[in-house]
Amino acid sequence: MAKRNPNIAKLQAGYLFPEISRRKNEFLEKNPHAKLISLGIGDTTEPITKHIAKALTNAASALGTKNGYRGYGNEQGLLELREKIAEVVYNSSVSGEEVFVSDGAKPDIGRLQLLFGNDAVVAVQDPAYPVYIDSSVMYGKTGSCNKKTSQFNNIVYMPCTPKNNFFPDLRKIGKADVIFFCSPNNPTGAVAAKGQLKELVQYAKKNKSIIVFDAAYSEYIADKNLPKSIYEIDGAKEVAIEVNSFSKPIGFTGVRLGWTVIPNELRFDDGSLVRNDWNRVMTTLFNGASNISQAGGLASLDNIGLKEMKQTVSYYMENAKLIKSALEELGYEAYGGDNAPYIWARMKSMKSWEAFDYLLEKANIVTTPGVGFGQSGEGFLRFSAFGHREDIEEAVKRLKVKLK
Ligand code: MLT
């Protein structure tokens, strides 16, 4: 038989969210009548709004007609959509040709790993969205997992905790070639301020690193002083790639649509354009985002679509407020939830998995254990604000009884 990829064998456990589903299903098998509420995976729950849904329907119907049928599109996405993203999301500070449309931020993060050699040193915030580390492991960029620390050798972990206001001390991290940085942050809900992103860009310039800036939750930023894109920082185009997604602001988690910006200024150390290699990766491994999804994405960026997007985001942010204030009332230290759909709460004396099990069994609420995102997440739980309002209200009631 063929040999198993030794890099995949280095991974210690299953991917975090399927593992949570497994535990949830195991609980349901034993307690088939339990009315579980999920504040676990950040999956959208509200219907796609009218104008955007209509664009999807029209695009699907057109495919059933002789004139409207389309086969393969450009691997980089519809030019109209790329230009619209550049104009609306980036205020024309990037051009359409720098925007590459895709099937989502997560698959792009995986493919981006191909741009860098296996000896590239990767740095991640700790805690972090698990895809940055797991994909680095799969591509062979790491050593094995240190059993004592549960961290991978050759990865630079940048602790982000309440102590440092969720922003790493960049003087302590040594040299990294690729830095994954997520703001608004999944899982902590923290948003980096302009001054902090300036520091990050300066670090990257000094160390010749490339930042992969994950802005998948940027539409959740309500505070006008907080940066929604790394490109709001002078000089960022020379050191940063930005990944974003339609999933969370318009409920496209199942429809699938996202994008990556690779600025024309961004070069590898041999002077070659990163953009050209990304184009090579995408034209080889990807056949273009679904034309139906792209029609929906386009509709979400016109005037009516943008209004609808705001409604969707506000709905979830109202949920975030309810969860956060309940936790605070109960005396828990809670972060995030103001400019991000995640609340990050320290569970007093409980460890993360202990708190997860406690809430699952006693309150029938599914959360995400903080330690699943990294060692600095131990003792925390992440509460997702995605859910129907009535479920959130019911969850809050239960929390008030069981976490007292
Ligand atoms: C999460 O819960 O962290 C996210 O929903 C996962 C994802 O976006 O892939």
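What share of the 404 residues in the chain is buried? Hi everyone, let's start there: buried residues make up 54% of them, where buried means under 20% relative accessible area, exposed over 50%, and partly exposed in between (1.4 Å probe, protein chains only).

Before we go on, a word of care. This is a predicted model, where local features need pLDDT of at least 70, side-chain atom pairs count only at pLDDT 80 or more, and totals for chains, interfaces and linings use all residues. Residues are numbered from 1 along each chain as its sequence is written, and side-chain values use heavy atoms, with hydrogens and water left out.

Now the overall picture. Along its principal axes, the C-alpha trace spans about 55 × 55 × 50 Å. Among contacts (heavy atoms within 4.5 Å) between residues at least 6 apart in sequence, 73% join residues at least 24 apart.

Next, the ligand. Which residues surround the ligand? They are F17, I41, G42, K106, Y129, N186, Y217, K248, Y342 and R382, each with a heavy atom within 4 Å of the ligand.

Let's finish with Y342, one of the residues around the ligand. Y342 counts as buried because its relative accessibility is 1%. Look also at A385: Y342 and A385 are 43 residues apart in sequence, yet 5.9 Å apart in space, C-alpha to C-alpha.
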